[in-house]
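These are my notebook entries on one protein chain.

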Amino acid sequence: MARVLINFAHPALEKSRVHSQLLRVVKHIPGVTFNDLYEQYPDLDINVAREQQLLEQHDIIFMQHPFYWYSAPAIVKQWMDLVLEHGWAYGHKGKALTGKYFSNIISAGGSEHSYSLEGHHGHTIHDFLLPFIQTAKLCNMQYAAPFVLYGVHRQDLSDIQEDAAQLKQVLERLRDDKFDLTPLPGLANLNQLLQLPAQT
Ligand SMILES: Cc1cc2nc3c(=O)[nH]c(=O)nc-3n(C[C@H](O)[C@H](O)[C@H](O)COP(=O)(O)O)c2cc1C
């Protein structure tokens with residue numbers, strides 16, 4: 001079984017339509033650890049030792065958050081700045097994260113088409129996720145395909161609940177280790193994992 005960690009960041013969860021529904025599912029999956037960063041650190045005062053220990057204890061690490069200004073809420077940056085230390089996460093002696101998978105679970109207001117070269121935002125979501133992708137590489141991790149929910153403002157509650165059910169399936173399959181994980185970085189969206197044949 002793979003050990004899956006979700007580092008969750010939403011600065012105004014009480015106003016959330018999307019992540020509040022996703023949490024109803026992801027918080028309760030056996031074998032998946034849920035870590036709410038704003039709940040733990042409302043003043044952004046991150047406990048680095050705790051966060052590093054959590055990373056060491058897991059194989060697949062997700063940052064789950066709404067897409068804000070083509071990136072993530074502020075605490076995600078604070079977490080990266082403080083937790084991914086030189087000599088621990090990267091650098092000559094920094095090997096603590098070697099071989100792990102890293103990715104994002106994100107919701108975006110923009111549609112899938114808007115995140116294309118011809119679309120309103122002029123770039124794919126993968127282009128914008130480059131700091132995460134390259135950070136994973138620098139820390140000797142593989143960046144897996146992100147789980148992306150596009151166009152969330154147009155979704156009604158039942159659409160969001162369907163996405164939540166799909167995310168649950170993806171996380172359970174990753175946890176159960178029934179997949180050859182090597183194609184993961186090549187997928188456009190992690191929900192495509194559900195179309196891959198399971199290993200026997
Ligand atoms: C401060 C802020 C910045 C945002 N920036 C973006 C953005 O760059 N691209 C985008 O597609 N949506 C953007 N949005 C829309 C959010 O991604 C969307 O509201 C969120 O994913 C919905 O999830 P929630 O209901 O859990 O809050 C932004 C929203 C806020 C409040």
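**Entry 1: surface and charge**

I began with the accessible surface of the protein chain, which comes to about 10,000 Å², with 51% of it belonging to carbon and sulfur atoms. Such areas come from the Shrake-Rupley method with a 1.4 Å probe, and for residues only the protein chains shown count as cover. I noted that this is a predicted model, in which local features need pLDDT of at least 70 and side-chain atom pairs count only at pLDDT 80 or more, while totals for chains, interfaces and linings use all residues. Residues are numbered from 1 along each chain as its sequence is written, and side-chain values use heavy atoms, with hydrogens and water left out.

I then looked up the charges: the protein chain has 16 positive and 21 negative side chains, and the centres of the two sets lie 3 Å apart. Lys and Arg count as positive, Asp and Glu as negative, with His and the chain ends not counted. Each charge is placed at NZ of Lys, CZ of Arg, CG of Asp or CD of Glu.

**Entry 2: overall fold**

I found 7 helices and 6 strands in the protein chain. From the N terminus on, the order is β-α-β-α-α-β-α-β-α-α-β-β-α. Helices (H or I, at least four residues) and strands (E, at least two) are DSSP runs, numbered from the N terminus.

Along its principal axes the C-alpha trace spans about 45 × 45 × 35 Å. Of the 200 residues, 50% are buried; buried means under 20% relative accessible area, exposed over 50%, and partly exposed in between (1.4 Å probe, protein chains only). Among contacts (heavy atoms within 4.5 Å) between residues at least 6 apart in sequence, 73% join residues at least 24 apart.

**Entry 3: nonpolar cores**

Which residues touch the most other members of the largest nonpolar core? I recorded Leu55, Trp79, Phe102 and Ile125, out of 36 residues in that core. Among the elements that give two or more residues to this core are α3 (48-56), β3 (60-66) and β4 (101-107). The largest share, 5 residues, comes from α4. A second, separate core of 31 residues includes Leu22, Phe62, Ala164 and Val170. A nonpolar core is a set of buried Ala, Val, Leu, Ile, Met, Phe, Trp, Tyr and Cys residues joined through side-chain atoms within 4.5 Å.

Leaving aside neighbours within four places in sequence, I listed the contacts of Phe102, including Ile61, Met63, Trp79 and Phe132.

I looked up Gln21 in helix α1 (residues 18-26). Gln21 is buried, with a relative accessible area of 14%. Beyond its neighbours within four places in sequence, Gln21 is in contact with Leu157, Ile160, Gln161 and Ala164.

Tyr41 sits in the loop between α2 and α3 and, at 4% relative accessibility, counts as buried. With neighbours within four places set aside, its contacts are Ile46, Asn47, Arg50, Glu51 and Ile75. The C-alpha atoms of Tyr41 and Gln192 are separated by 33 Å.

**Entry 4: positive phi**

Is Trp69 buried or exposed? Trp69, in the loop between β3 and α4, is exposed, with a relative accessible area of 80%. Trp69 has a positive phi of about 45° although it is not a glycine.

I also noted Asn140, in the loop between α6 and β5 (142-143). Asn140 is not a glycine, yet its phi is positive, about 65°. Asn140 is partly exposed, with a relative accessible area of 30%.
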